[in-house]
Amino acid sequence: MNQSDRKDAVNPFGKLHFLIVDDFENFRLSMRQMLRSCGADKIELVGHATPAIQYCTYNHVDVVLCDFNLGEGKNGQHILEELRHKKLLKRSALFLMVTAETSKEMVMGAREYQPDAYLTKPINRAMLEKRLGSLIGQRNALLPITREIDQENYPEAISQCLQAIPKQPRYKTWLMKTLGELYFIVGDMAHAQKVYDDVLNQRELSWASLGRCKVLLANRNFDQAVEGLKTLIERHPDYMEAYDLLAEGLEKQGKPVQAQQVLQKAAEHSPNALLRHKHLAELAGANQDIDTASQAWRQTVSLGTYSIHDNADHYLSLAQSLSDLSEGDLEEEGTERAAEALNVLSKMEKRFSDDETISLKSRIVQSRVHSGQGRQREAEKILASVENDIKELEEMPADLGLDYAKTLFRTGREPQAKELLGKLAARYDDNADVLQKIESLLDEPVGFRQKLEARGFNRDGIKAFEAGNLEEAVSAFDRALSIVPDHAALNLNLVQVLMKQFEQQPGNRALLTTCQQRLERLNHLPEQHRQYRRYQALIRKIKGLTA
Amino acid sequence: MTDPTIDFSMVLASAVHDMKNSLGMLLNSLDELRNEHEHTLAGSNKFNMLQYEAERMHNDLVQLLGIYRLGEDNLSAHIDEHFVPDFLADHLARHTPLLEGLGIEYSIAADDINGFFDEDLLTGVLNNTINNAIRYTKSRIRLTAREQDGYLVIGVEDDGNGYPESMQHTGTLSFKALDFQSGSTSLGLFFASSVARLHSEGNRSGSIKLHNGGALDGGVFEIWLP
């Protein structure tokens with residue numbers, strides 16, 4: 001027998017506060033019975049999520065034993081996420097998920113928080129005493145470290161970890177994992193990498209490979225990180241965190257389409273992680289894959305029902321993407337999507353009624369949906385009420401303003417939309433992200449289908465230009481500009497081709513006149529615009545030619 | 001007649017999943033019953049038999065699901081470092097009510113070592129092997145762990161009659177080796193051997209060994225993990 005497991009003189013269960021969460025009274029009672037016979041004394045029983053979270057808000061709890069499946073409403077994972085997210089549980093507290101399933105199916109769902117251990121039913125007293133006993137032993141041994149982490153005193157936590165490693169070989173995995181994370185948090189990437197390399201030198205462990213790739217990403221070694229993560233996924237196709245990190249790496253490499261594909265695969269494997277669906281939705285939206293985006297937003301909204309991560313923005317984004325899809329589509333699919341958008345917005349208004357701007361945000365999208373379905377009168381009516389409320393806003397948030405401008409464009413109020421965007425650009429002149437969104441909207445103030453069409457023509461034009469086929473390039477850019485006449489880069493593309501044509505036909509002054517007309521369209525281009533320098537350069541060139 | 005829309009193995013897998021959970025609840029109730037009626041049930045052969053057979057079915061179903069996922073290429077080993085004596089003690093605890101009920105002595109002889117393995121997969125193997133040992137032992141079961149030739153060796157020994165000549169072997173089993181005619185399908189051994197193979201390090205991979213002897217002079221099951 002190994003001697004290290006002998007019971008401490010002091011009963012380790014007696015001092016701790018336990019919380020049992022299970023919807024079956026019989027199970028709660030038998031669990032309490034088992035805990036008592038292990039020496040536990042302070043035991044609270046609850047049947048559902050709400051009282052569980054309530055109890056943890058006002059009481060100190062050391063060990064939570066929570067059934068995963070709690071019937072209708074929140075499940076064990078929701079409780080875990082809420083408790084850890086709101087910091088209602090200390091780092092030193094143990095959260096044990098009790099399940100009838102094998103653990104992996106559940107681990108796959110989670111993205112951020114995982115329980116300290118799984119207890120698989122059937123559970124008997126001997127098992128509980130052993131398992132819980134060793135977890136409590138571990139908790140007590142690591143308390144000097146977790147206490148510092150709770151107080152966010154990371155340097156001290158690191159030095160405690162370093163002291164414990166030679167003394168506590170039993171908890172080596174926990175110690176090395178935690179040490180790597182702590183170095184990462186304080187930004188000491190060199191030491192974090194060394195921790196992971198030390199582990200990997202001994203053994204190819206997936207958590208250490210992941211940690212190493214995380215460090216590589218933080219050090220902007222994107223290629224190496226992406227390569228490492230691809231290998232990791234090949235070996236462990238069910239390691240979801242690796243997919244999340246790979247998508248991040250691919251994005252940083254400037255490959256958003258590949259990143260989207262990776263997340264789509266991960267979402268198939270583990271359909272329950274809200275934040276993963278949200279990330280996918282954002283990526284797909286940026287990739288103009290509105291079908292995928294709306295599907296992912298739909299999932300995000302549905303998973304939010306019981307989640308701490310639920311947010312009105314998810315509803316709004318779903319409605320916005322459905323509005324994009326339904327715009328101008330009067331067939332069955334289009335009308336269905338429009339109806340779904342309005343339905344989602346009405347749910348959002350009810351669920352987030354505390355938010356003062358929620359009705360305004362909702363009506364801005366509603367008006368656009370009606371307009372896209374040819375119901376101008378409804379669109380106008382709603383827009384009138386929006387205009388009133390907007391005037392009373394003290395300060396317009398950027399997102400709300402951008403969305404409002406979009407609706408103004410769609411309802412034929414171009415001058416008003418441009419004026420609004422001008423004001424927004426002045427107010428947010430130090431926010432590159434907002435400025436870029438404003439530029440994009442000014443460039444392409446049309447529905448996403450027309451946007452894709454114009455982008456297609458633009459690509460054709462560039463290809464023809466590179467092949468030396470100037471006629472074809474001009475006609476492709478012309479077609480694109482007939483859809484988005486104010487698009488800065490497109491106008492400049494056309495000017496460049498026309499100037500090239502002029503080199504070949506120096507007598508054809510009409511080409512230069514067209515160039516001048518195109519450049520005049522852009523005379524409101526602000527200095528901070530990405531195309532501004534190119535615009536200035538072309539103006540000088542034209543002046544030189546026409547002088 | 002065949003209906004191509006029915007994916008039979010999928011149907012089977014979800015049915016097995018359901019049965020497994022049901023049996024889990026049943027085993028839970030058996031444990032509670034045993035606690036509530038300690039005096040009358042502790043020595044009851046019928047009750048012990050009931051628990052043993054339920055345990056056996058539960059293990060079989062867990063393995064069946066594992067093998068299904070293996071076939072779907074959906075099972076990979078999540079290897080982590082574990083303190084071996086704790087791991088063995090945790091899992092022996094699950095069987096102590098039955099062992100005590102049957103009057104079987106049990107012990108652990110494990111070196112204080114860390115090992116690299118997938119906890120869930122090894123749990124399946126260990127439960128099945130202990131269950132098997134309960135069936136064939138006379139009076140004693142012993143779990144062992146040591147490091148040998150760079151491998152972690154976990155063993156389950158009993159003082160029964162040992163494995164018949166035809167079953168004693170070393171290495172890995174193939175699916176074809178399963179004999180559905182003889183009644184003993186060796187499903188458990190096939191599963192154990194598959195789990196062993198999923199554990200690999202460099203060009204070495206795990207295997208199982210069956211032989212007779214050991215400290216109790218009975219059957220010895222060993223799983224060797226690199």
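How many residues of chain A are in contact with how many residues of chain B? Here is a friendly walk through that question and a few others.

1. **Ground rules.** This is a predicted model, in which local features need pLDDT of at least 70, side-chain atom pairs count only at pLDDT 80 or more, and totals for chains, interfaces and linings use all residues. Residues are numbered from 1 along each chain as its sequence is written, while chains are lettered from A and ligands numbered from 1 in the order in which they are written.

2. **Where the chains meet.** To take up the opening question, 28 residues of chain A are in contact with 30 residues of chain B (two residues are in contact if their C-beta atoms, placed from the backbone, lie within 7 Å). On the chain A side, the elements that give two or more residues are helix 4 (103-107), helix 5 (125-150) and helix 7 (172-186) of chain A. Helix 5 of chain A gives the most, with 6 residues. By class, this side of chain A has 9 nonpolar, 9 polar and 10 charged residues. Here Ala, Val, Leu, Ile, Met, Phe, Trp, Tyr, Cys and Pro count as nonpolar, Asp, Glu, Lys and Arg as charged, and the others, Gly among them, as polar.

3. **Chain B as a whole.** Chain B has 6 helices and 10 strands; helices (H or I, at least four residues) and strands (E, at least two) are DSSP runs, numbered from the N terminus. Of the 226 residues in chain B, 40% are buried. A residue is buried if 20 or more other C-beta atoms lie within 10 Å of its own, exposed if 12 or fewer, and partly exposed in between, with C-beta atoms placed from the backbone. Among the contacts in chain B with a separation of 6 or more, 71% are between residues 24 or more positions apart.

4. **Strand 5 of chain B and its partners.** Strand 5 (residues 151-158) of chain B is mostly covered, with 6 of its 8 residues buried. Strand 4 (residues 140-148) of chain B runs antiparallel to strand 5 of chain B, and 8 bridges join the two; strands pair if DSSP finds at least two bridges between them. These two strands form a hairpin with 2 residues between them, and B:Asp149 in the turn has a positive phi of about 50 degrees. B:Gln148 stands opposite B:Tyr151 in strand 5 of chain B. Strand 5 of chain B also pairs with strand 10 (residues 218-225) of chain B, in the antiparallel sense over 6 bridges. In that pairing, B:Glu157 stands opposite B:Val220 in strand 10 of chain B.

5. **B:Ser205.** You will find B:Ser205 in strand 8 (residues 204-205) of chain B. B:Ser205 counts as partly exposed because it has 15 C-beta neighbours inside 10 Å. Although B:Ser205 and B:Tyr151 are 54 residues apart along the chain, their C-alpha atoms are separated by 9.6 Å. Leaving aside neighbours within four places in sequence, B:Ser205 is in contact with B:Arg197, B:His199, B:Ser200 and B:Pro226.

6. Helix 3 (residues 76-85) of chain A is mostly covered, as 8 of its 10 residues are buried. Among the buried residues are A:His78, A:Ile79 and A:Leu80. Just after helix 3 of chain A, A:Lys87 takes a positive phi of about 55 degrees. A:Lys87 lies in the loop between helix 3 and strand 4 (94-99) of chain A. Is A:Lys87 buried or exposed? A:Lys87 is exposed, because 9 other C-beta atoms lie within 10 Å.

7. **Another positive phi.** A:Gln288 has a positive phi of about 60 degrees although it is not a glycine. A:Gln288 is found in the loop between helix 13 (274-286) and helix 14 (290-304) of chain A. With 13 C-beta neighbours inside 10 Å, A:Gln288 counts as partly exposed.
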